[in-house]
Amino acid sequence: MTAPRIALGPLLYYWSRQATLDFYAGIADSAADIVYLGETVCSRRHELRLEDWLDVADLLADAGKEVVLSTQSLIESESDLKTLRRIVGQERHRVEANEMSAVHLLAGAGRRGWVAGPALNLFNPQTMALMQAAGAGRWVVAPEMSGAALAALQAGLDQSIETEVLAWGRLPLAHSARCFTARHFNLQKDTCEFRCLGLADGLVLRTREGEPFLTLNGVQTQSARVHNLLADLSQVAPRAQILRISPQGEHTLQVLDLFRSVLDGAVDPGEAFHRSHEWMIGEPCNGFWHGRPGLELCQSS
Amino acid sequence: MTSKHRIELVCPAGSLPALKTAVDNGADCVYVGFKDATNARNFTGLNFDAKAMREGINHAHARGCKVLLALNTYPQADNWADWTAAVDRAADFGIDAVILADPGLMAYARKTHPGLRLHLSVQGSATSYEAINYYYEQFGIQRAVLPRVLSLPQVEHVIAHTPVEIEVFGFGGLCVMVEGRCALSAYATGESPNCNGACSPGKHVRWEQTSQGMETRLNGILIDRFGEDERAGYPTLCKGRFDVNGETYYAIEEPTSLNTLELLPELVKAGIRAIKIEGRQRSPAYVAQVTRVWRAALDRIQQDATHFAVQPAWVAELDKVSEGRSHTLGAYYRPWK
């Protein structure tokens with residue numbers, strides 16, 4: 001068995017142009033093999049326009065990274081579709097489809113090898129076969145899918161497909177038309193003053209007992225806890241050819257290095273999990289992988 | 001203006017009594033589910049076994065009402081056969097259309113029962129015509145239910161660019177998240193609308209009177225706490241009060257219902273083909289009240305759209321059964337976003 005490759009997922013937060021460019025300059029010589037780029041959360045976020053993302057993509061590709069352009073997760077307007085068509089229309093980089101408009105356009109354009117994103121609700125071999133026939137060459141497992149359900153899906157496939165599993169980061173749990181960050185600041189989405197910009201890791205929502213529960217990230221809701229599969233890697237690796245790390249405000253490079261060390265056999269998974277605590281922006285969880293509520297932390301058997 | 005097509009009123013039926021009530025109060029279609037995880041209202045005491053289904057279909061068909069079956073959760077590798085068996089049963093029962101979300105299941109239905117009409121469920125999360133047309137080209141869907149995320153002009157734009165009939169939500173509980181794209185319940189309880197057909201399921205709910213007030217918990221997580229003057233609501237997790245930056249408020253959404261009565265003229269003009277009432281988990285009394293009001297409103301607007309006005313009595317009736325006794329236009333009204 002070859003060790004999984006490491007992917008850096010799309011940046012889900014909204015950082016300033018300079019912070020974003022600096023971040024990806026650092027990624028050029030990071031431990032990541034694959035980098036997903038583009039705005040997937042909110043069409044109002046435009047510190048980097050599509051042209052800028054394409055520049056970053058070329059820079060990273062020239063640095064030897066495999067680049068994938070990720071599409072927006074919620075398509076509402078014709079202008080969203082226009083951006084989508086441009087992403088599908090470029091041919092240098094692969095595309096990650098994050099809803100069915102993208103699947104339709106990619107299939108229609110005859111693109112092969114695209115990535116079926118984590119929000120497509122791919123839960124059974126029959127639906128996966130349809131995506132493969134439409135040109136998908138890789139898929140990212142829905143965060144709520146357990147390792148056992150993943151194994152059953154893979155066993156049912158006539159033709160295997162490259163599998164990517166989210167191994168580190170806050171869980172992307174929901175999308176809405178409503179912006180919860182704007183709501184927090186008593187603003188409407190259309191005049192949101194781009195308040196996401198000041199929030200490198202989003203806004204933590206706590207219960208009235210003070211327990212961090214969710215993270216508000218514009219129109220996206222994430223977990224407050226960090227999904228961390230470091231201690232589970234011996235169970236995950238046989239099922240996944242790629243491990244996804246989700247970018248965070250700080251320490252992303254260290255997290256990438258830590259995964260690399262574990263995959264190289266230099267650090268034991270348990271030890272890596274222990275070390276990773278100083279880089280987590282919330283308590284760890286891994287319940288989904290174990291078929292449990294996502295916020296739980298389970299011990300790998 | 002008169003619309004080209006009669007707009008169908010699609011009413012919820014979580015039980016045989018609710019089905020009969022909906023039919024008798026003027027529903028054009030009722031939608032139902034089997035008693036299992038194949039539909040997104042998999043709650044104890046709800047839904048139809050074979051006997052109730054047969055009786056319900058007979059009652060509806062005898063009165064010119066269609067019966068639609070929701071099979072709108074996502075099957076997994078190990079339970080796939082349960083979902084295909086449900087499609088087969090629907091065809092055998094003579095169901096008028098099945099409401100599906102999973103593409104694999106649509107392909108199965110199309111191949112096995114080519115005469116069975118397919119509707120794309122709201123759980124399919126198709127928010128653009130490009131997405132809807134994918135299901136049309138691949139599986140021949142004839143209708144799509146739009147997620148509650150688009151503004152009115154966006155709904156109109158979708159309709160103008162697809163041959164698929166568009167059904168929208170008109171009234172009832174409001175999902176704030178894109179349907180089919182929400183794993184909040186899975187995160188908190190391990191059960192989700194997508195895979196288990198349940199959001200914030202009752203078996204994880206605890207109500208506790210404490211010195212600080214009535215507390216509602218979901219799998220131990222405090223969703224809200226109510227003072228003596230407040231009416232404690234069910235802990236649907238996106239409708240609790242939480243703390244963000246030291247401020248406690250309904251951070252995601254208030255407990256409120258969607259009510260689009262006042263948008264009806266614009267929805268009709270946009271070319272919608274059906275209006276859906278949410279609430280298979282609600283009582284026959286709710287179904288009766290809501291069906292009656294919407295029947296009256298739809299009849300009025302289809303007779304004479306230019307003089308249509310929302311009757312105060314309609315609103316009063318609907319507010320009685322609204323969650324939190326209040327209502328919103330949701331995403332149809334841009335500032336809500």
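These legends describe close-up views of a predicted model. Local features need pLDDT of at least 70 and side-chain atom pairs count only at pLDDT 80 or more, while totals for chains, interfaces and linings use all residues. Residues are numbered from 1 along each chain as its sequence is written, chains are lettered from A in the order in which they are written, and side-chain values use heavy atoms, with hydrogens and water left out.

**View 1. The open sheet E9-E10-E11 of chain B.** Three strands make up this antiparallel sheet. Strands are DSSP runs of E of at least two residues, helices are runs of H or I of at least four, and both are numbered from the N terminus. Two strands pair if DSSP finds at least two bridges between them. Strands E9 (205-210) and E11 (221-226) of chain B are the edges; each has a single partner strand, so one side of each lacks a neighbour in the sheet. From one strand to the next, the twist averages 25 degrees; axes are lines fitted to C-alpha atoms, and angles run from 0 to 180 degrees between N-to-C directions.

**View 2. The hairpin of E10(B) and E11(B).** Five bridges join strand E10 (residues 213-218) of chain B to E11(B) in the antiparallel sense. B:Glu215 has B:Arg225 of E11(B) as its bridge partner. Two residues lie between the strands, and B:Asn219 takes a positive phi near 50 degrees. Six of the six residues of E11(B) are buried, so the strand is largely enclosed by the rest of the structure. Buried means under 20% relative accessible area, exposed over 50%, and partly exposed in between (1.4 Å probe, protein chains only).

**View 3. Helix H1 of chain B and its cover.** The buried residues of H1(B) are B:Leu16, B:Ala18, B:Leu19, B:Thr21, B:Ala22 and B:Val23. Their cover includes strand E1 (8-12), E2, helix H2 (50-62) and helix H10 (284-303) of chain B. Just after H1(B), B:Gly26 has a positive phi of about 110 degrees.

**View 4. B:Asp28 in the loop between H1 and E2 of chain B.** The loop runs between helix H1 (16-24) and strand E2 (29-32). B:Asp28 is buried, at a relative accessible area of 11%. Its side chain makes a polar contact with the side chain of B:Arg295 (3.0 Å). A polar contact is a pair of N or O atoms within 3.5 Å; within protein, one must be able to donate a hydrogen and the other to accept it, and residues adjacent in sequence count only if both atoms are side-chain atoms. Beyond neighbours within four places in sequence, the contacts of B:Asp28 (heavy atoms within 4.5 Å) include B:Arg6, B:Ile7, B:Gly64 and B:Cys65.

**View 5. The largest cavity.** Its volume is about 420 Å³. Of its 30 lining residues, A:Pro118, A:Ala119, A:Pro143, A:Pro172 and A:His175 are the closest to its centre. On a 1 Å grid over the protein atoms alone, a cavity is a set of points where a 1.4 Å probe fits but cannot get out; lining residues have an atom within 4 Å of a point. Strand E7 (162-176) of chain A and strand E8 (177-182) of chain B each supply at least two lining residues. E7(A) gives the most, with six.

Technical notes:
On a 1 Å grid over the protein atoms alone, a cavity is a set of points where a 1.4 Å probe fits but cannot get out, and a pocket is an open set with protein on both sides within 12 Å along at least five of seven lines; lining residues have an atom within 4 Å of a point. Grid points are joined across faces, edges and corners, and a volume is the space filled by probe spheres set on the points.
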